[in-house]
Amino acid sequence: MYALARAARGRGKTVIVTTSTHILPHPGIFLTDDPQPDHLRACLTAHGVITLGTLCRADKLCGTGEIGVCKEVADVVLIEGDGARVKPLKVPADHEPVIPPESDGVIAVAGLDALGQPIGDICHRPEQVATFLGKSLEESITEADIAAILASPRGGRKCVKEGMAFRCLLNKADTPALEAQGQVVARLLAQKGIRAYLNQ
């Protein structure tokens, strides 16, 4: 998400980063909890990229819910709508993800370092992943598994409404082997009409 913010800023866009759940604040990005339009415009003029949120836990921010206002004042609004407790793969729970209705598009993310690892060791809410895939906790994650989770309306495509753009990000393609495996996942997604991108 912050890489997208940097890329947008590099093209001269103003960017607000926020969340509909909880997010770790970025130490290098200006933070405000005031969603008033004039205040946000002033912050964007001064900083270009800002985070909007309130400190609701010792280490995490909650969003302010003012997505419509954010879209009015910034060129780009990036919203974190789900988390996986730093695990590379998950299947969302009933209450997840929290995708604001104002969203224009959704990016579902999976870490390629899940490949070849046991579900019980590598996934967030592993029992849910195992049930979705019809596997045991001891079985390993395959390329087809990641593609199936990302493409499913019970997985990465959950709560993505008609008219919203949908893309997948295959993260942590850090080695030639993971990059090659990521290309396999991308091809499987392409067969379902879904565009995927690899990221180191």
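Trainee: Arg-125: buried, exposed or partly exposed?
Mentor: Arg-125 counts as partly exposed because its relative accessible area is 26%. Buried means under 20% relative accessible area, exposed means over 50%, and partly exposed is in between, with a 1.4 Å probe and protein chains only.

Trainee: What are the ground rules for this model?
Mentor: It is a predicted model in which local features need pLDDT of at least 70 and side-chain atom pairs count only at pLDDT 80 or more, while totals for chains, interfaces and linings use all residues. Residues are numbered from 1 along each chain as its sequence is written, and side-chain values use heavy atoms, with hydrogens and water left out.

Trainee: Back to Arg-125. Where is it in the fold?
Mentor: Arg-125 sits in the loop between β10 (123–124) and α5 (126–133). Helices (H or I, at least four residues) and strands (E, at least two) are DSSP runs, numbered from the N terminus.

Trainee: What is its phi?
Mentor: Phi of Arg-125 is near 50 degrees, a positive value in a residue other than glycine. Val-86 also has a positive phi, near 60 degrees, and is not a glycine either.

Trainee: And where is Val-86?
Mentor: Val-86 is in the loop between β7 (76–80) and β8. Its relative accessibility is 83%, so Val-86 counts as exposed.

Trainee: OK, Lys-90. Why does it count as buried?
Mentor: Because its relative accessibility is 11%. Lys-90 is in strand β8 (residues 89–90).

Trainee: Which side chain does the Lys-90 side chain make a polar contact with?
Mentor: That of Glu-96, at 3.0 Å. A polar contact is a pair of N or O atoms within 3.5 Å; within protein, one must be able to donate a hydrogen and the other to accept it, and residues adjacent in sequence count only if both atoms are side-chain atoms. A polar atom of the Lys-90 side chain also lies 2.7 Å from the backbone oxygen of Gly-83.

Trainee: What kind of peptide bond joins Glu-96 and Pro-97?
Mentor: A cis one, with omega about -15 degrees. Pro-97 belongs to the loop between β8 and β9 (105–111).

Trainee: New topic, Tyr-2. Buried or exposed?
Mentor: Tyr-2 counts as buried, at 18% relative accessibility. It lies in helix α1 (residues 2–10). The C-alpha atoms of Tyr-2 and Val-17 are 8.0 Å apart, with the two residues 15 apart along the chain. Not counting residues up to four places away in sequence, Tyr-2 touches Val-17, Ile-23, Leu-24, Pro-25, His-26 and Ile-29.

Trainee: Zooming out, how many helices and strands are there?
Mentor: Seven helices and twelve strands. Of the 200 residues, 42% count as buried.

Trainee: What is the radius of gyration?
Mentor: The protein has 18 Å, which agrees with the value near 16 Å that a compact globule of 200 residues would have. The radius is taken over C-alpha atoms, and the globule rule is 2.2 Å times the number of residues to the power 0.38. Along the principal axes, the C-alpha atoms fill a box of roughly 50 × 35 × 35 Å.

Trainee: What share of contacts joins residues at least 24 apart?
Mentor: The share is 65%, among contacts between residues at least 6 apart in sequence.

Key
Contact means heavy atoms within 4.5 Å.
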